[in-house]
Amino acid sequence: MTPPTIARRGILQLAAAAGILPFLPATKALAQTTKAIAAPCSALPIISGPEFPIGAFWPPSMQENRFNTLEKFQEMKDAGFTFTFHGRENDDPGQVPFVHTSLDFTDQVGLKALVVASPENSLARRQEFTRHPSFIGFRLADEPSPDKFPRLATGSAKLREAAPNLLLNINLLPDFGGWRDYIHEFASTVQPHMLSYDRYPLFKDHDFTGYCAEWQEFRAAGLGLGVPTWIYILSVPHGPYRSPTAAELAWQVNVSLAYGCKGIQYFTYSTPDAREGGDYGPALIDVDGNRTPLYDAAKTLHASWLAPAGAELLPLVSERVVHANGSVPSSVQPFSPDAFLTGTSGNPVVLGTFRSKDRKPRTRWLLVANWSHSASAQATINVNTSTVTGISRFDPTTRTYTAQPTAAAITVSLAPGAAAFYRLDAAGASLDPQAQLVLASDSAVHHAIQQADDSWAGPNPLGGPARLVAASEFNGALNVMEMTGDVIYHRVRAVDGSWSARNLFGELRGVSSMTAAVVLGSLQVAFASGGVVYHVMQVPDGRWEGPNRLGDAANLVAGTELHGTFQLIQVEASGRIYHRVRRGNGTWSSRNLFVTMAGVTSVAVTVVGEEMMVVIAAGGQLHYAIQHTDGSWQWPTQTGDAADQVAASSVGGELQITAISGGQAYTRRRRADGTLTARAAVPGAPGNLTALASAGRSVEHCP
């Protein structure tokens, strides 16, 4: 329901009578800078197809006068590549006929192709390339600096609007310092179809030790944004980098697969000639157009492993990545038992666990990658037989699974750089929450799940007690913060329903309010302590950063994620309610007042579609306000319900409000048309509740 239009003077007169002073939209410009068009998760080419994307830069067409031939592109296709790039960085309009010629060749051999062009030229030229079946989109930029992100965001948005079925590829820099802020700023500003970066870990005299730490950050950002992650691997010696062996090529691929990679790109396929600068050695194809041993190595790797195993991995969701046995690289997760795996022994391996996009099946998949590219590995992974009923190993030759003789353990021997893939069958089905509630009282903390049919499972006791709680979902797992006295704890509910231990976070005195939201894979928590706001963040490797004192005066806080930013609502003791944003690059916006209300006892915030919705308990009554996509705020609306404490989540494209009044919990929904459903009690909830938190479903994954 659209509220009636009222003149500003009339609003102020009504507000004064009600004890509410509205702020008319000084945050409009801020909201517009953080708003972006969401990346679609529909049938984008090669991202959602059955083939695992295997591409390469510097294809035959890069040496225009020598190797831009049908035979050379057929040779590339025969090596198992599925896509390539056409064109140059300089946007020379004279190259358009040449790009058409190259596209004619990829049309004939069955390769897909991304045309290299700026956003502006891509928009202007998109239609002239659509006659080619191999044309699937554009490579818009390579290794852009942050000052280029607004231009890329504008260009990408225009292209998505004009040609929603074209794939837009932008490749990012590796970590040269401040990388989390770099990729988060890119993701929140551009809202890309996919995330891609390059990292060449094989130096002439050593290996880059941060390869997996980078992948951990990148994986988390991709899962948080709901898009696939791709990487460029080293396949040409140049500068400080050595020529990879066949095992080193496989090692780069398999470690990346363990971290959930959904697309492999080679740098390079052909060898750049001297006119390109640099001291390039032979790639898969040398400077004279001849095959090198690396061509044969890549061809074998693709046919015997990457294409079949990648096709199995492509529709799955990366759930966990750990390093087992031996020394563990810094800033990554070491192995710990979970509901499926109980222990490991042997040589160092990387374990990547995957699940179905459908959260209900309990079956999991496990990729075991040799951590060494120079030595064979033997490892044993013990399996939880109370969960797993059978183990099958994937055969890439037949693309089938072969049952293993025991469901108690996996014993695997891996060549240098190699990997193996297993299915862990498990009976039964997990619950599939559309919303989760955490309910607190002086005696216990309870957890409840609202399923897709609106039925409830629970509430079930978690222990406790707690006086404050906060919750947020990431990749299907629920993060819960609990505060007992001045002590704060953190625990996680996995998709399969198992709970981690209740881990001590720390102690913070004088906390009156706490909120949590996962933003691009990092759990962000804000506290109001002693009337001042603090912010902490748990990064993907499990470390906590902070607390950092924001200095804002507030007794109540509420936070949510919107387009890769942390949106924070703050309420002063005076009743002034402010909005502030932590941007992707880690900087904070100014604090903007949007309304003043008397007697505020609780506040919550969530995002429904593209709109941010704030739920407020004030004067014992329930209200909600909406920030629209243009940054303007809709007047706080009173529902007529009594409320002391509130929580908010997005359920099926609607705002679900959960509130406590007189110790009793109930829910109501605001439908898309603005009407409200009937008030419904949370069945089985304790009657002495003092605090609550709710979380809707985290972003769905593409593909």
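Is R423 buried, partly exposed or exposed? In this predicted model, R423 is partly exposed, its relative accessible area being 23%. R423 takes part in a salt bridge with D425, and the closest N and O atoms of the two are 2.8 Å apart.

Side chains of opposite charge can pair when their charged atoms come close. In total, 30 salt bridges are counted in the model. One of them joins the side chains of D432 and R697, with an N to O distance of 2.6 Å. This pair connects distant parts of the chain, 265 residues apart: D432 belongs to the loop between strand 18 (419-426) and strand 19 (433-441), whereas R697 belongs to the segment after strand 42 (689-696). D432 has a relative accessibility of 18% and therefore counts as buried. R697, at 30%, counts as partly exposed.

A further salt bridge is formed by the side chains of R543 and E545, at 3.9 Å from N to O. R543 is partly exposed, with a relative accessible area of 40%, and E545 is also partly exposed, at 29%.

The nonpolar residues were examined next. The largest nonpolar core contains 94 residues, and F81, I264, Y266 and L367 have the most contacts inside it. Helix 11 (residues 293-313) supplies the largest share of this core, with 9 residues. When neighbours within four places in sequence are set aside, the contacts of F81 are I54, G55, A56, M76, L111, Y266, Y269, L284 and H302. Another core, of 24 residues, lies apart from the largest one; among its members are I47, F83, I136 and F203.

Strand 23 (residues 477-484) is mostly covered, as 7 of its 8 residues are buried. Strand 22 (residues 468-474) runs antiparallel to strand 23 and is joined to it by 7 bridges. Within this pairing, A470 has M481 of strand 23 as its bridge partner. The hairpin made by strand 22 and strand 23 has 2 residues between the strands, and N475 there adopts a positive phi near 55°.

Strand 23 also pairs with strand 24 (residues 487-493), in the antiparallel sense and over 7 bridges. Here M483 is opposite I488 of strand 24. Strand 23 and strand 24 likewise form a hairpin with 2 residues between them, and G485 in the turn has a positive phi of about 65°.

Note on methods: Residues are numbered from 1 along each chain as its sequence is written. This is a predicted model: local features need pLDDT of at least 70, side-chain atom pairs count only at pLDDT 80 or more; totals for chains, interfaces and linings use all residues. Side-chain values use heavy atoms; hydrogens and water are left out. A salt bridge is a side-chain nitrogen of Lys or Arg within 4 Å of a carboxyl oxygen of Asp or Glu. Buried means under 20% relative accessible area, exposed over 50%, partly exposed in between (1.4 Å probe, protein chains only). Helices (H or I, at least four residues) and strands (E, at least two) are DSSP runs, numbered from the N terminus. A nonpolar core is a set of buried Ala, Val, Leu, Ile, Met, Phe, Trp, Tyr and Cys residues joined through side-chain atoms within 4.5 Å. Contact means heavy atoms within 4.5 Å. Two strands pair if DSSP finds at least two bridges between them.
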